[in-house]
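Subject: Structure handover

Hi,

Here is the structure for you to look over. My notes follow below it.

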Amino acid sequence: MTFLANLDDQLTPDPEAGEPVTPSLLDAMARRGTKRISLALQGGGAFGAFTWGVLDRLLEAKVSFDTVSGASAGAMNAVVIASGLASGGADEARTGLERFWRKVSKAAERARRTPFVSSGTVLAAIAPRISPYQFNPFDLNPLRDILVEEVDFEAVRVKAPIRLLIGATRVRDGALRIFRNGAITPEVVLASACLPHLHQAVAIDGEPHWDGGYAANPPLMQLVNATRASDLLVVQVIPTSHAELPTTSPEIDKRLGQITFSNSLQKDLEALSIMTKLSRAEGRASNSRLGRKLHRLQLHRIAAEDHVDGLSGMSIANAEWSVLAHLRDQGRAAAARWLMH
């Protein structure tokens, strides 16, 4: 069953024209019990701008969110919208997302002007060979300042109208750590986005953590257990397919990264599909809480690779504004089409 199946054509807006979703469409969503959804936001560096576009369109359509899980860039998008919703509602969340991504782009531009990384290849070449504890001993990270400026973490902890599940990978044993609203700080979000070749591990409660994408990108099974909504939308930004065989070292490294950061989601989706089929096999809901959830669950997915030409050849480190704006626009269009289905 699709999210808005069997709606009359006259209720369907034109996504290319950028029409807002009409009140009658929202009424239909509410009647189906799908006006409130949960989100699983995959991480993927600059590709997170595609997710920004999806969120912007959903917020514009006045779709509300129950629970949001995220890793890395997905975690950043999640805390920005949580802060915006807590401070001023959907409009502030949309404005906050744009401010955040503009600052990310400006920080990347300043980094490109630095002689050490101006070519965009020096850091990439040495990162796998020299530890960030050597080339970045003070652990400088512009994202820290951007997060502090753009996210009201106190509001996220105590006032946000959505529940958050932010994932990070514990270095000691590779275990997934889930941080909920009351525990979310700038360090938690930075840990969720900590690539170990570029930044020192982020300590939380004395435990070092790396990017959440290594353990779950994004946390999905935990979201299914936590959500109170029957509709769950996965926003996938890392491409799963790549047509040509990588033959150069940079191409091989890029493809290995894509496989690493997409495998956990593919496995979770497969496991969830099997669990859902089993829960429905007898044609009635299970007596268990999880079984009842699985019986009602409507799982949806928007994949950036289905909407962005050449995504697998693009770099997750390219935060030029023209690239981010293109990804945002494609995300908006993808969300608009999804709302029609």
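With which residue does Glu60 form a salt bridge, the closest N and O atoms being 3.1 Å apart? One such partner is Arg332. A salt bridge here is a side-chain nitrogen of Lys or Arg within 4 Å of a carboxyl oxygen of Asp or Glu. The pair links distant parts of the chain: Glu60 sits in helix H2, Arg332 in helix H13, 272 residues apart.

Two notes on the basis. This is a predicted model, where local features need pLDDT of at least 70, side-chain atom pairs count only at pLDDT 80 or more, and totals for chains, interfaces and linings use all residues. Residues are numbered from 1 along each chain as its sequence is written, and side-chain values use heavy atoms, with hydrogens and water left out.

Salt bridges

The count comes to 19 salt bridges. Glu60 also forms one with Arg57, again with the closest N and O atoms 3.1 Å apart. Both residues lie in helix H2, 3 residues apart, about one turn of the helix. (Helices are DSSP runs of H or I, at least four residues, and strands are runs of E, at least two; both are numbered from the N terminus.) Arg57 is buried at 2% relative accessibility. Glu60 is partly exposed at 21%. Arg332 counts as buried at 18%. (Buried means under 20% relative accessible area, exposed over 50%, partly exposed in between, with a 1.4 Å probe and protein chains only.) A network of salt bridges links Asp56, Arg57, Glu60, Arg94 and Arg332.

Aromatic pairs

The whole structure holds 4 aromatic pairs. (Rings of Phe, Tyr and Trp, the last by its six-membered ring, pair if their centres lie within 6.5 Å; planes under 30 degrees apart are stacked, over 60 edge-to-face, the rest tilted.) Trp52 and Trp101 are stacked, 6.4 Å centre to centre and 5° between the planes. Trp52 is in H2 and Trp101 in H4, so the pair ties together parts 49 residues apart in sequence. Both are buried. Trp52 also pairs with Trp321: centres 5.9 Å apart, planes at 45°, so this pair is tilted. Trp321 lies in H13, so the pair ties together parts 269 residues apart in sequence. Trp321 is partly exposed, at 24%. Ring pairs link Trp52, Phe100, Trp101 and Trp321 into a cluster.

Best wishes
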